[in-house]
Amino acid sequence: MLEKLRPDTLLVSLMHVNNETGVIQPVAELAEKLQKTPTYLHVDAAQGYAKLPEDLKAPIDLTSISGHKIGAPKGIGALVTRRRGWNKVPLEPIMFGGGQERKLRPGTLPVPLIMGLCEAAKVFQENRSRWERDAKEMRERLLAALGKTRFQINGDADHAVPHILNVTFDGLNAEALIVRIKDQVAVATGSACTSASYTPSHVLTAMGLPEEVATNGLRFSWFPGQAADFDPDGLAETIAYMQPEAP
């Protein structure tokens, strides 16, 4: 990645965890390398915040987080900035008004939402080990059940978070499958950000996967405790029944 930097590159921005595949990016390694350059690093940590805390201890210049990913109210997030020595990241406001937020943004702060984020972060930190254990257990149950079907995992399964899985089922159209299994599980063909798009996943396409695979990738994600009544074996039986005979 560093070979793509130019002398005038101001900012590198990347996801900590890809929201479609769950693959973890080497943000800590990149942060260390960029410290020796004039280029700042922004990390979108919506999927990784509190779940992979060690990565975010690296000297990342800007980290954005989304509260609802850890159980906080929807509509609250944060941008964490880190100085390089005595130098601040040169942020400029895009809205102007009161100076109470160090002249970076105007408006009254949503105190209830902020407190909700604060409390959710504390609760998640206290229960992270249990979350990780339960998320891995759910992943193992799902993959074991899907062994009854013909499928491929999209992404690097050895470098992924335990709560996101992207798969393509051989011979099945993803949209037709979603309609068939809608009473068993809620899944999507991409992230929520692209839920209105019926084109092949730009993430899977960028990975070099064939169009048929990228178009029919299904994203499973779960928060331990919410999936207590989920029956992965029943889901797998439905999928296997729909799949055509192997050639």
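A residue counts as buried when its relative accessible area is under 20%. Phe 124 has a relative accessible area of 6% and is therefore buried. Trp 131, also with a relative accessible area of 6%, is buried because this value falls under the 20% limit. These values come from a predicted model.

**Confidence of the model**

The mean pLDDT of the protein is 89, and 95% of the residues reach 70 or more. Residues 191-196 form a stretch in which pLDDT stays under 50. For this stretch, the model has 6 contacts beyond four places in sequence.

**Aromatic residues**

A pair of aromatic rings is described by the distance of the centres and the angle of the planes. In the whole structure, a search finds 3 aromatic pairs. One of them joins Phe 124 and Trp 131, whose ring centres are 5.6 Å apart and whose planes stand at 50 degrees, a tilted arrangement. Together with Phe 223, Phe 124 and Trp 131 make up one aromatic cluster.

An open sheet contains 4 strands in the order 1-2-3-4, and its pairing is mixed. Strand 1 (11-15) and strand 4 (77-81) are at the edges; each has a single partner strand, so one side of each lacks a neighbour in the sheet. On average, neighbouring strands of this sheet are turned by 15 degrees against each other, direction ignored.

Strand 1 pairs with strand 2 (residues 40-44) in the parallel sense, over 5 bridges. Within this part of the sheet, Leu 14 stands opposite Val 43 of strand 2. Helix 1 (residues 27-34) lies across strand 1 and strand 2, and runs at about 165 degrees to strand 2.

**The nonpolar core**

The largest nonpolar core has 44 residues. Leu 41, Leu 142, Phe 169 and Phe 220 are the residues with the most contacts inside this core.

Helix 2 gives the most, with 10 residues.

Phe 169 may be examined individually. Leaving aside residues up to four places away in sequence, Phe 169 touches Leu 146, Thr 149, Arg 150, Phe 151, Leu 177, Leu 218, Phe 220, Ile 239 and Gln 243.

Note on methods
Residues are numbered from 1 along each chain as its sequence is written. This is a predicted model: local features need pLDDT of at least 70, side-chain atom pairs count only at pLDDT 80 or more; totals for chains, interfaces and linings use all residues. Side-chain values use heavy atoms; hydrogens and water are left out. Two strands pair if DSSP finds at least two bridges between them. Helices (H or I, at least four residues) and strands (E, at least two) are DSSP runs, numbered from the N terminus. Axes are lines fitted to C-alpha atoms, for helices over the stretch in contact, and angles run from 0 to 180 degrees between N-to-C directions. Contact means heavy atoms within 4.5 Å. Rings of Phe, Tyr and Trp (its six-membered ring) pair if their centres lie within 6.5 Å; planes under 30 degrees apart count as stacked, over 60 as edge-to-face and the rest as tilted. Buried means under 20% relative accessible area, exposed over 50%, partly exposed in between (1.4 Å probe, protein chains only). pLDDT is the predictor's confidence in each residue, from 0 to 100. A nonpolar core is a set of buried Ala, Val, Leu, Ile, Met, Phe, Trp, Tyr and Cys residues joined through side-chain atoms within 4.5 Å.
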